[in-house]
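This report sets out selected features of a protein model. Please consult the sequence and the structure while reading.

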Amino acid sequence: LNNFQTAVTNVPLAFAQIVHISNKITNGFANLFDQGFASSGFPDQMNYNNNMVNGLMAIDALGQLQPQDQYLTENISEYFKDCVFPAMLLNNGSGPTVNDIAQSTDLLQTIQTTLSNAWVTTYYSSSGSDNVTCTQMYQNLVNDITNAINSPTGSISQAYANQMLLGMGGAAAYTNPSFDTGLLGTAAGYIIAGSVTSQQLLSQAILINAFNPALQAFAAQNGLNPNALSSALTQNMLQTTTTMNTSYALAKEILPMAFLIISALIYAIMPIMFAMMFIPQLTKKFGLMAFDLLMWIAFWAPLASIINAVVQASAAQTFNVLGVSAIEPQNWGYLMSHTYTLMAIAGDMMFSVPVLAFALASGSSYAMTAVAGSVTGLSRAAAASAANSMSTMGGAESAQAQASQAGGLGIASKANNESPQVAAENL
(Lines give C-alpha, C1' and ligand atoms only; values in the text may rest on other atoms or scores of the structure.)
Protein backbone atom coordinates (compact mmCIF):
# COMPACT_ATOMS: atom_id res chain seq x y z
CA LEU A 1 0.00 0.00 0.00
CA ASN A 2 2.77 2.40 0.90
CA ASN A 3 5.21 1.56 -1.89
CA PHE A 4 5.72 5.13 -3.11
CA GLN A 5 8.96 6.96 -2.33
CA THR A 6 8.85 10.64 -3.20
CA ALA A 7 11.03 13.38 -1.68
CA VAL A 8 9.10 16.47 -0.54
CA THR A 9 11.05 19.51 0.68
CA ASN A 10 10.22 22.54 2.84
CA VAL A 11 7.72 20.61 4.98
CA PRO A 12 6.99 22.23 8.38
CA LEU A 13 8.61 20.25 11.20
CA ALA A 14 5.40 19.61 13.12
CA PHE A 15 3.64 18.35 9.99
CA ALA A 16 6.60 16.14 9.07
CA GLN A 17 6.61 14.63 12.56
CA ILE A 18 2.93 13.67 12.21
CA VAL A 19 3.59 11.92 8.91
CA HIS A 20 6.68 10.21 10.30
CA ILE A 21 4.92 8.92 13.41
CA SER A 22 1.95 7.73 11.37
CA ASN A 23 4.17 5.81 8.93
CA LYS A 24 6.18 4.30 11.80
CA ILE A 25 2.97 3.06 13.41
CA THR A 26 1.67 1.66 10.11
CA ASN A 27 4.87 -0.17 9.19
CA GLY A 28 5.45 -1.22 12.80
CA PHE A 29 2.07 -2.95 12.93
CA ALA A 30 2.76 -4.66 9.61
CA ASN A 31 6.22 -5.76 10.79
CA LEU A 32 4.76 -7.40 13.87
CA PHE A 33 2.37 -9.43 11.77
CA ASP A 34 5.10 -10.30 9.26
CA GLN A 35 7.30 -11.62 12.08
CA GLY A 36 4.42 -13.66 13.42
CA PHE A 37 3.65 -15.17 10.01
CA ALA A 38 7.34 -15.90 9.39
CA SER A 39 7.48 -17.96 12.59
CA SER A 40 4.84 -20.27 11.08
CA GLY A 41 6.76 -20.75 7.83
CA PHE A 42 5.37 -17.96 5.67
CA PRO A 43 8.12 -16.93 3.17
CA ASP A 44 9.76 -13.55 3.77
CA GLN A 45 9.74 -12.95 0.03
CA MET A 46 5.95 -12.75 0.03
CA ASN A 47 5.27 -10.67 3.14
CA TYR A 48 3.90 -7.12 3.33
CA ASN A 49 7.16 -5.27 3.91
CA ASN A 50 8.67 -6.99 0.87
CA ASN A 51 5.96 -5.29 -1.20
CA MET A 52 3.42 -8.04 -0.45
CA VAL A 53 4.45 -10.15 -3.42
CA ASN A 54 1.54 -12.50 -4.02
CA GLY A 55 2.52 -16.14 -4.47
CA LEU A 56 -0.93 -16.92 -5.85
CA MET A 57 -0.24 -14.55 -8.73
CA ALA A 58 2.94 -16.48 -9.52
CA ILE A 59 0.85 -19.65 -9.89
CA ASP A 60 -2.00 -17.84 -11.63
CA ALA A 61 0.41 -16.58 -14.30
CA LEU A 62 0.95 -20.22 -15.36
CA GLY A 63 -2.70 -20.60 -16.29
CA GLN A 64 -2.54 -18.73 -19.60
CA LEU A 65 1.19 -19.11 -20.28
CA GLN A 66 2.17 -19.48 -23.96
CA PRO A 67 5.60 -19.06 -25.59
CA GLN A 68 6.18 -15.75 -27.34
CA ASP A 69 7.85 -17.71 -30.13
CA GLN A 70 5.13 -18.77 -32.58
CA TYR A 71 7.42 -21.39 -34.12
CA LEU A 72 7.72 -23.12 -30.75
CA THR A 73 3.97 -22.90 -30.14
CA GLU A 74 3.25 -24.45 -33.51
CA ASN A 75 5.90 -27.17 -33.09
CA ILE A 76 4.43 -28.27 -29.75
CA SER A 77 0.99 -28.47 -31.32
CA GLU A 78 2.29 -30.43 -34.31
CA TYR A 79 4.08 -32.94 -32.08
CA PHE A 80 0.96 -33.57 -30.00
CA LYS A 81 -1.24 -33.80 -33.10
CA ASP A 82 0.96 -36.02 -35.29
CA CYS A 83 2.89 -38.08 -32.73
CA VAL A 84 1.54 -38.13 -29.16
CA PHE A 85 -2.19 -38.54 -29.83
CA PRO A 86 -1.74 -41.28 -32.47
CA ALA A 87 0.70 -43.15 -30.18
CA MET A 88 -1.78 -42.93 -27.30
CA LEU A 89 -4.61 -44.27 -29.46
CA LEU A 90 -2.53 -47.07 -30.98
CA ASN A 91 -1.96 -48.25 -27.39
CA ASN A 92 0.92 -50.53 -28.38
CA GLY A 93 3.56 -49.16 -26.03
CA SER A 94 4.91 -46.64 -28.52
CA GLY A 95 3.70 -43.70 -26.45
CA PRO A 96 2.10 -42.67 -23.16
CA THR A 97 -1.30 -43.87 -22.00
CA VAL A 98 -4.11 -41.57 -20.91
CA ASN A 99 -3.22 -42.27 -17.28
CA ASP A 100 0.44 -41.52 -17.94
CA ILE A 101 -0.51 -38.11 -19.26
CA ALA A 102 -3.04 -37.38 -16.51
CA GLN A 103 -0.65 -38.27 -13.68
CA SER A 104 2.57 -36.93 -15.17
CA THR A 105 4.64 -34.54 -13.09
CA ASP A 106 7.09 -34.12 -15.98
CA LEU A 107 5.16 -33.96 -19.24
CA LEU A 108 8.24 -33.16 -21.28
CA GLN A 109 9.58 -36.59 -20.38
CA THR A 110 6.22 -38.37 -20.53
CA ILE A 111 5.28 -37.33 -24.08
CA GLN A 112 8.31 -39.03 -25.63
CA THR A 113 7.23 -41.60 -28.24
CA THR A 114 8.95 -44.55 -29.89
CA LEU A 115 6.98 -44.51 -33.12
CA SER A 116 8.72 -45.79 -36.25
CA ASN A 117 10.30 -43.38 -38.71
CA ALA A 118 7.20 -43.73 -40.88
CA TRP A 119 5.47 -41.30 -38.51
CA VAL A 120 6.53 -37.79 -39.42
CA THR A 121 5.51 -34.26 -38.55
CA THR A 122 6.48 -30.72 -39.52
CA TYR A 123 9.14 -28.70 -37.70
CA TYR A 124 8.93 -24.93 -38.20
CA SER A 125 11.74 -22.42 -37.81
CA SER A 126 12.72 -19.00 -39.12
CA SER A 127 14.43 -20.69 -42.07
CA GLY A 128 11.26 -22.52 -43.13
CA SER A 129 9.65 -25.90 -42.46
CA ASP A 130 11.02 -29.45 -42.59
CA ASN A 131 9.45 -32.90 -42.39
CA VAL A 132 11.06 -34.74 -39.48
CA THR A 133 10.40 -38.00 -37.67
CA CYS A 134 8.59 -37.95 -34.35
CA THR A 135 11.84 -38.96 -32.63
CA GLN A 136 13.71 -36.01 -34.11
CA MET A 137 10.82 -33.66 -33.36
CA TYR A 138 10.91 -34.67 -29.70
CA GLN A 139 14.63 -33.94 -29.43
CA ASN A 140 14.09 -30.57 -31.11
CA LEU A 141 11.31 -29.70 -28.64
CA VAL A 142 13.38 -30.67 -25.61
CA ASN A 143 16.19 -28.37 -26.75
CA ASP A 144 13.87 -25.51 -27.75
CA ILE A 145 11.76 -25.58 -24.57
CA THR A 146 14.82 -25.87 -22.30
CA ASN A 147 16.52 -22.91 -23.98
CA ALA A 148 13.31 -20.84 -23.96
CA ILE A 149 13.01 -21.32 -20.20
CA ASN A 150 16.62 -21.11 -19.03
CA SER A 151 17.62 -18.08 -21.07
CA PRO A 152 16.59 -14.70 -19.54
CA THR A 153 15.62 -13.62 -23.03
CA GLY A 154 13.91 -16.91 -23.90
CA SER A 155 10.39 -16.87 -25.30
CA ILE A 156 8.92 -18.73 -22.30
CA SER A 157 10.77 -16.88 -19.52
CA GLN A 158 9.89 -13.54 -21.14
CA ALA A 159 6.26 -14.58 -21.59
CA TYR A 160 6.06 -15.49 -17.90
CA ALA A 161 7.65 -12.17 -16.90
CA ASN A 162 5.04 -10.34 -18.99
CA GLN A 163 2.21 -12.27 -17.33
CA MET A 164 3.56 -11.33 -13.90
CA LEU A 165 4.11 -7.71 -14.92
CA LEU A 166 0.49 -7.36 -16.02
CA GLY A 167 -0.87 -9.16 -12.98
CA MET A 168 1.13 -7.12 -10.47
CA GLY A 169 0.20 -3.69 -11.77
CA GLY A 170 3.27 -2.96 -13.86
CA ALA A 171 5.74 -3.01 -10.94
CA ALA A 172 9.27 -2.74 -12.29
CA ALA A 173 10.61 -5.75 -10.37
CA TYR A 174 8.53 -8.10 -12.47
CA THR A 175 10.29 -7.20 -15.71
CA ASN A 176 13.16 -9.42 -14.50
CA PRO A 177 12.53 -13.07 -15.50
CA SER A 178 15.01 -14.32 -12.88
CA PHE A 179 13.05 -12.54 -10.13
CA ASP A 180 9.76 -13.97 -11.42
CA THR A 181 10.98 -17.55 -11.71
CA GLY A 182 12.57 -17.28 -8.26
CA LEU A 183 9.22 -16.13 -6.86
CA LEU A 184 7.49 -19.02 -8.64
CA GLY A 185 9.83 -21.50 -6.96
CA THR A 186 9.19 -19.91 -3.55
CA ALA A 187 5.42 -19.85 -4.06
CA ALA A 188 5.32 -23.45 -5.27
CA GLY A 189 7.42 -24.59 -2.33
CA TYR A 190 5.03 -22.93 0.15
CA ILE A 191 1.62 -23.29 -1.50
CA ILE A 192 2.05 -26.62 -3.32
CA ALA A 193 4.73 -27.94 -0.94
CA GLY A 194 6.52 -29.78 -3.72
CA SER A 195 10.16 -30.22 -4.63
CA VAL A 196 9.67 -29.29 -8.29
CA THR A 197 11.80 -26.46 -9.71
CA SER A 198 10.40 -23.32 -11.30
CA GLN A 199 11.86 -24.42 -14.65
CA GLN A 200 9.90 -27.69 -14.45
CA LEU A 201 6.74 -25.78 -13.55
CA LEU A 202 7.10 -23.52 -16.59
CA SER A 203 7.66 -26.51 -18.88
CA GLN A 204 4.68 -28.32 -17.36
CA ALA A 205 2.40 -25.30 -17.78
CA ILE A 206 3.43 -24.70 -21.39
CA LEU A 207 2.64 -28.30 -22.36
CA ILE A 208 -0.64 -28.49 -20.42
CA ASN A 209 -1.83 -25.24 -22.01
CA ALA A 210 -0.88 -26.59 -25.45
CA PHE A 211 -2.88 -29.78 -24.99
CA ASN A 212 -6.38 -28.44 -25.74
CA PRO A 213 -5.45 -26.43 -28.88
CA ALA A 214 -3.57 -29.48 -30.16
CA LEU A 215 -6.62 -31.67 -29.52
CA GLN A 216 -8.75 -29.24 -31.53
CA ALA A 217 -6.23 -29.33 -34.39
CA PHE A 218 -6.26 -33.13 -34.22
CA ALA A 219 -10.06 -33.13 -34.50
CA ALA A 220 -10.00 -30.75 -37.48
CA GLN A 221 -7.30 -32.78 -39.23
CA ASN A 222 -9.46 -35.87 -39.04
CA GLY A 223 -12.55 -34.36 -40.63
CA LEU A 224 -14.44 -33.09 -37.58
CA ASN A 225 -15.68 -29.60 -36.84
CA PRO A 226 -13.68 -28.59 -33.74
CA ASN A 227 -15.87 -25.60 -32.85
CA ALA A 228 -18.05 -27.39 -30.29
CA LEU A 229 -15.01 -29.00 -28.70
CA SER A 230 -13.22 -25.66 -28.62
CA SER A 231 -16.15 -23.93 -26.93
CA ALA A 232 -16.66 -26.63 -24.34
CA LEU A 233 -12.97 -26.70 -23.42
CA THR A 234 -12.29 -22.98 -23.21
CA GLN A 235 -15.36 -20.79 -22.78
CA ASN A 236 -16.14 -21.54 -19.14
CA MET A 237 -12.45 -21.07 -18.20
CA LEU A 238 -12.29 -17.69 -19.94
CA GLN A 239 -15.45 -16.41 -18.25
CA THR A 240 -14.33 -17.61 -14.84
CA THR A 241 -10.76 -16.32 -14.96
CA THR A 242 -11.81 -12.93 -16.34
CA THR A 243 -14.16 -12.33 -13.41
CA MET A 244 -11.73 -13.62 -10.81
CA ASN A 245 -8.67 -11.75 -12.04
CA THR A 246 -10.56 -8.47 -12.43
CA SER A 247 -11.21 -8.28 -8.70
CA TYR A 248 -7.57 -8.81 -7.76
CA ALA A 249 -6.21 -6.55 -10.51
CA LEU A 250 -8.49 -3.67 -9.50
CA ALA A 251 -7.52 -4.01 -5.85
CA LYS A 252 -3.82 -4.10 -6.77
CA GLU A 253 -4.11 -0.94 -8.87
CA ILE A 254 -6.62 1.16 -6.91
CA LEU A 255 -5.81 0.56 -3.24
CA PRO A 256 -2.28 2.05 -3.22
CA MET A 257 -3.57 5.15 -5.01
CA ALA A 258 -6.52 5.44 -2.62
CA PHE A 259 -4.21 5.05 0.37
CA LEU A 260 -1.93 7.79 -0.92
CA ILE A 261 -4.77 10.20 -1.60
CA ILE A 262 -6.57 9.58 1.70
CA SER A 263 -3.33 9.86 3.67
CA ALA A 264 -2.51 13.17 1.98
CA LEU A 265 -5.97 14.55 2.76
CA ILE A 266 -5.77 13.50 6.41
CA TYR A 267 -2.30 14.97 6.82
CA ALA A 268 -3.44 18.16 5.13
CA ILE A 269 -6.31 18.78 7.57
CA MET A 270 -4.29 17.90 10.67
CA PRO A 271 -3.02 21.48 11.24
CA ILE A 272 -6.61 22.74 11.13
CA MET A 273 -7.74 20.06 13.57
CA PHE A 274 -4.90 20.88 15.96
CA ALA A 275 -5.86 24.53 15.81
CA MET A 276 -9.48 23.66 16.63
CA MET A 277 -8.29 21.68 19.66
CA PHE A 278 -7.26 24.95 21.33
CA ILE A 279 -10.93 25.92 21.56
CA PRO A 280 -11.95 24.58 25.00
CA GLN A 281 -15.36 23.21 23.97
CA LEU A 282 -13.89 21.39 20.95
CA THR A 283 -10.65 19.99 22.41
CA LYS A 284 -11.93 16.49 23.14
CA LYS A 285 -14.00 16.21 19.97
CA PHE A 286 -11.22 17.18 17.57
CA GLY A 287 -8.59 15.30 19.57
CA LEU A 288 -10.54 12.05 19.20
CA MET A 289 -11.22 12.81 15.55
CA ALA A 290 -7.51 13.31 14.84
CA PHE A 291 -6.65 10.09 16.68
CA ASP A 292 -9.32 8.10 14.79
CA LEU A 293 -8.11 9.38 11.42
CA LEU A 294 -4.46 8.61 12.14
CA MET A 295 -5.31 5.14 13.43
CA TRP A 296 -7.56 4.58 10.41
CA ILE A 297 -4.68 4.86 7.95
CA ALA A 298 -2.36 3.04 10.39
CA PHE A 299 -4.58 -0.05 10.29
CA TRP A 300 -4.52 -0.40 6.49
CA ALA A 301 -1.09 -2.04 6.37
CA PRO A 302 -1.60 -4.72 9.05
CA LEU A 303 -4.99 -5.64 7.60
CA ALA A 304 -3.45 -5.97 4.14
CA SER A 305 -0.65 -8.08 5.63
CA ILE A 306 -3.17 -10.38 7.33
CA ILE A 307 -5.29 -10.85 4.20
CA ASN A 308 -2.18 -11.49 2.10
CA ALA A 309 -0.86 -14.18 4.43
CA VAL A 310 -4.17 -15.81 5.37
CA VAL A 311 -5.36 -16.24 1.76
CA GLN A 312 -2.08 -17.84 0.70
CA ALA A 313 -1.98 -20.01 3.82
CA SER A 314 -5.51 -21.10 2.94
CA ALA A 315 -4.32 -22.13 -0.53
CA ALA A 316 -1.43 -24.09 0.98
CA GLN A 317 -3.75 -25.83 3.45
CA THR A 318 -6.30 -26.73 0.76
CA PHE A 319 -3.72 -28.19 -1.60
CA ASN A 320 -2.12 -30.08 1.28
CA VAL A 321 -5.46 -31.66 2.25
CA LEU A 322 -6.09 -32.60 -1.40
CA GLY A 323 -2.63 -34.15 -1.58
CA VAL A 324 -1.36 -31.81 -4.29
CA SER A 325 2.44 -31.97 -4.22
CA ALA A 326 3.05 -31.33 -7.91
CA ILE A 327 1.29 -29.90 -10.94
CA GLU A 328 -0.25 -32.65 -13.05
CA PRO A 329 -2.79 -32.46 -15.88
CA GLN A 330 -5.34 -34.26 -13.70
CA ASN A 331 -5.14 -31.64 -10.92
CA TRP A 332 -4.42 -28.62 -13.12
CA GLY A 333 -8.09 -27.69 -13.46
CA TYR A 334 -9.01 -27.47 -9.79
CA LEU A 335 -5.61 -26.11 -8.80
CA MET A 336 -6.04 -23.13 -11.15
CA SER A 337 -9.75 -22.78 -10.38
CA HIS A 338 -9.09 -22.61 -6.63
CA THR A 339 -6.26 -20.15 -7.23
CA TYR A 340 -8.63 -17.86 -9.17
CA THR A 341 -11.26 -18.14 -6.44
CA LEU A 342 -8.82 -17.25 -3.67
CA MET A 343 -7.53 -14.30 -5.68
CA ALA A 344 -11.10 -13.07 -6.11
CA ILE A 345 -11.68 -13.35 -2.36
CA ALA A 346 -8.36 -11.60 -1.66
CA GLY A 347 -9.26 -8.78 -4.07
CA ASP A 348 -12.71 -8.34 -2.56
CA MET A 349 -11.31 -8.38 0.97
CA MET A 350 -8.61 -5.89 0.01
CA PHE A 351 -11.33 -3.50 -1.15
CA SER A 352 -12.80 -3.90 2.34
CA VAL A 353 -9.56 -2.85 4.06
CA PRO A 354 -10.53 0.87 4.31
CA VAL A 355 -13.89 -0.01 5.85
CA LEU A 356 -12.44 -2.58 8.22
CA ALA A 357 -9.67 -0.19 9.25
CA PHE A 358 -12.24 2.51 9.97
CA ALA A 359 -14.29 0.06 12.02
CA LEU A 360 -11.22 -0.86 14.11
CA ALA A 361 -10.15 2.75 14.58
CA SER A 362 -13.59 4.08 15.48
CA GLY A 363 -15.10 1.03 17.18
CA SER A 364 -18.00 1.05 14.70
CA SER A 365 -19.89 -2.20 13.99
CA TYR A 366 -21.76 -1.21 10.83
CA ALA A 367 -18.59 -1.59 8.73
CA MET A 368 -18.18 -5.23 9.74
CA THR A 369 -21.72 -5.99 8.60
CA ALA A 370 -21.15 -4.30 5.24
CA VAL A 371 -18.01 -6.34 4.58
CA ALA A 372 -19.47 -9.73 5.47
CA GLY A 373 -21.98 -9.81 2.62
CA SER A 374 -19.58 -8.98 -0.18
CA VAL A 375 -16.73 -11.47 0.19
CA THR A 376 -18.13 -14.21 -2.05
CA GLY A 377 -20.00 -12.10 -4.59
CA LEU A 378 -17.50 -12.32 -7.44
CA SER A 379 -16.88 -16.03 -7.00
CA ARG A 380 -20.60 -16.75 -6.98
CA ALA A 381 -21.19 -14.69 -10.14
CA ALA A 382 -18.33 -16.40 -11.97
CA ALA A 383 -19.55 -19.85 -10.96
CA ALA A 384 -23.05 -19.09 -12.21
CA SER A 385 -21.72 -17.79 -15.51
CA ALA A 386 -19.50 -20.83 -16.03
CA ALA A 387 -22.30 -23.24 -15.15
CA ASN A 388 -24.65 -21.53 -17.60
CA SER A 389 -22.04 -21.65 -20.35
CA MET A 390 -21.30 -25.33 -19.88
CA SER A 391 -24.98 -26.24 -19.84
CA THR A 392 -25.70 -24.41 -23.08
CA MET A 393 -22.67 -25.95 -24.83
CA GLY A 394 -23.59 -29.51 -23.91
CA GLY A 395 -21.22 -29.87 -20.98
CA ALA A 396 -18.20 -32.03 -20.43
CA GLU A 397 -19.83 -35.17 -21.84
CA SER A 398 -20.16 -33.54 -25.24
CA ALA A 399 -16.49 -32.54 -25.16
CA GLN A 400 -15.44 -36.08 -24.29
CA ALA A 401 -17.61 -37.51 -27.07
CA GLN A 402 -16.06 -35.17 -29.60
CA ALA A 403 -12.55 -36.09 -28.47
CA SER A 404 -13.31 -39.81 -28.61
CA GLN A 405 -14.76 -39.54 -32.10
CA ALA A 406 -11.75 -37.56 -33.26
CA GLY A 407 -9.44 -40.27 -31.96
CA GLY A 408 -11.39 -42.99 -33.73
CA LEU A 409 -11.28 -41.18 -37.03
CA GLY A 410 -7.57 -40.54 -36.68
CA ILE A 411 -6.66 -44.17 -36.10
CA ALA A 412 -8.99 -45.43 -38.84
CA SER A 413 -7.60 -43.08 -41.45
CA LYS A 414 -4.00 -43.78 -40.46
CA ALA A 415 -4.43 -47.54 -40.34
CA ASN A 416 -6.31 -47.84 -43.64
CA ASN A 417 -4.45 -45.08 -45.46
CA GLU A 418 -7.74 -43.47 -46.44
CA SER A 419 -9.27 -40.04 -46.17
CA PRO A 420 -10.92 -38.96 -42.90
CA GLN A 421 -14.28 -38.77 -44.69
CA VAL A 422 -14.07 -42.45 -45.78
CA ALA A 423 -12.92 -43.44 -42.31
CA ALA A 424 -15.94 -41.66 -40.83
CA GLU A 425 -18.30 -43.53 -43.14
CA ASN A 426 -16.72 -46.88 -42.25
CA LEU A 427 -16.99 -46.15 -38.54
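The sections below treat the basis of the model, a disulfide, a strand pair and a helix pair.

## Basis

The model is predicted: local features need pLDDT of at least 70, side-chain atom pairs count only at pLDDT 80 or more, and totals for chains, interfaces and linings use all residues. Residues are numbered from 1 along each chain as its sequence is written, and side-chain values use heavy atoms, with hydrogens and water left out.

## Disulfide

A search of the whole structure finds 1 disulfide (a pair of cysteine sulfur atoms within 2.5 Å). Cys83 and Cys134 form this bond, with their sulfur atoms 2.0 Å apart. Cys83 belongs to helix H3 (residues 70-90) and Cys134 to helix H6 (residues 134-150), so the bond ties together parts that are 51 residues apart in sequence. Helices are DSSP runs of H or I with at least four residues, strands are runs of E with at least two, and both are numbered from the N terminus.

The S-S torsion is about -85°, so the disulfide is left-handed.

## Strand pair

Strands S1 (residues 120-125) and S2 (residues 128-133) run antiparallel and are joined by 6 bridges; pairing requires at least two DSSP bridges. They form a hairpin with 2 residues between them, and Val120 stands opposite Thr133 in S2.

## Helix pair

Helix H11 (residues 283-298) packs against helix H12 (residues 300-322) at an angle of about 30°, their axes 4 Å apart. H11 is therefore roughly parallel to H12 (angles under 35 degrees).

Note on methods
Axes fitted to C-alpha atoms, helices over the stretch in contact; angles between N-to-C directions. Parallel < 35°, antiparallel > 145°, perpendicular 65-115°, else oblique.
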